[in-house]
Amino acid sequence: MNLVLRDAVETPAEDAGLLQLIQNSPMQGMVQLSLERQPSFFDSIRLSGQNFTVKVVEDTDEEMIVGCFGFAYKQLYINGHTTEVRYLLDLRIHPEYRGKGVFKMLAKGFKKSWVTDGWKASSLKEMQKLKKFCLMMHQTICLRTIRMAK
């Protein structure tokens with residue numbers, strides 16, 4: 001296993017690899033949630049905001065994408081004012097690679113990307129808290145959606 005963190009490259013092969021990762025790594029919890037990005041990962045992520053960036057961790061021995069995250073810029077209203085925010089997208093790790101350092105690689109890539117554009121970086125500990133919070137929020141949102149659909 002040889003893991004490498006790099007920028008995603010917008011090619012048909014990379015698109016297919018990211019779609020496969022998304023399909024193989026639904027968000028776990030009391031309710032399993034999977035956001036599909038078919039037919040194109042890159043086309044669908046463009047809908048999430050402007051100037052998106054996607055980082056991947058690739059197992060070069062297997063020629064397989066085993067982790068990813070992305071972020072995009074969005075204009076949102078915060079306290080009545082239009083504010084540019086960065087929106088974290090598609091934090092995914094292939095189930096067979098969990099606990100093997102992929103999250104740490106992604107977190108370091110996230111911090112480096114965040115700092116280079118002048119945004120405040122989070123510590124690895126804060127990133128881990130964010131990951132747990134996001135999983136909890138996805139469970140809560142999913143449960144509310146199910147209750148509303150009844």
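Q: Hi! Leaving aside its neighbours within four places in sequence, which residues is Glu58 in contact with?
A: Hello! In this predicted model, Glu58 is in contact with Asn2, Leu3, Val4, Arg6, Glu63, Met64 and Ile65.

Q: Nice. And where is Glu58 found?
A: Look along strand β2, and you will find Glu58 there.

Q: Is Glu58 buried or exposed?
A: Glu58 counts as buried, because its relative accessible area is 17% and the cut-off for buried is under 20%.

Q: OK, zooming out. How many helices and strands are in the protein?
A: You can pick out four helices and four strands.

Q: In which sense do β2 and β3 pair?
A: Antiparallel: β2 covers residues 50-59, β3 covers residues 64-78, and eight bridges link them. To see one spot for yourself, find Gln50, which stands opposite Tyr73 in β3.

Q: What's between those two strands in the hairpin?
A: There are four residues between β2 and β3, and in this hairpin Glu63 takes a positive phi near 50°. You have already met Glu63, as one of the residues in contact with Glu58.

Q: And how many bridges join β3 to β4?
A: There are 11 bridges, and these strands also run antiparallel, with β4 spanning residues 81-93. Here Tyr77 stands opposite Thr82 in β4. Their hairpin has two residues between the strands, and Asn79 takes a positive phi near 55°.

Q: How do side chains point in a regular strand, by the way? What do they alternate between?
A: They alternate between the two faces of the sheet.

Q: Switching topic: which helix is Asp15 found in?
A: Asp15 is in helix α1, which runs over residues 12-24.

Q: What's the nearest side chain of opposite charge to Asp15?
A: That is Arg46, but Arg46 is 7.6 Å away. Asp15 is buried yet has no salt bridge.

Q: So what does Asp15 touch?
A: Not counting residues up to four places away in sequence, Asp15 touches Ser40, Phe41 and Phe42. For Phe41 there is a detail to look for: its backbone nitrogen lies 2.7 Å from a polar atom of the Asp15 side chain.

Q: Last bit, the whole protein. What share of the residues count as buried?
A: Of the 150 residues, 35% count as buried. The accessible surface comes to about 9,400 Å², and carbon and sulfur atoms hold 55% of that surface.

Q: And what share of contacts with a separation of 6 or more comes from residues 24 or more positions apart?
A: Those residues account for 57% of such contacts.

Methods: Residues numbered from 1 in each chain as written. Predicted model: local features only at pLDDT ≥ 70, side-chain atom pairs only at ≥ 80, totals over all residues. Heavy atoms only, no water. Buried < 20%, exposed > 50% of the residue type's maximum accessible area, 1.4 Å probe, protein only. Contact = heavy atoms within 4.5 Å. Areas by Shrake-Rupley, 256 points an atom, 1.4 Å probe, with all protein chains shown as cover. Pairing = 2+ DSSP bridges. Lys, Arg positive; Asp, Glu negative; His and termini not counted. Salt bridge = Lys/Arg side-chain N within 4 Å of Asp/Glu carboxyl O. Polar contact = N/O pair within 3.5 Å; in protein donor to acceptor, adjacent residues only side chain to side chain.
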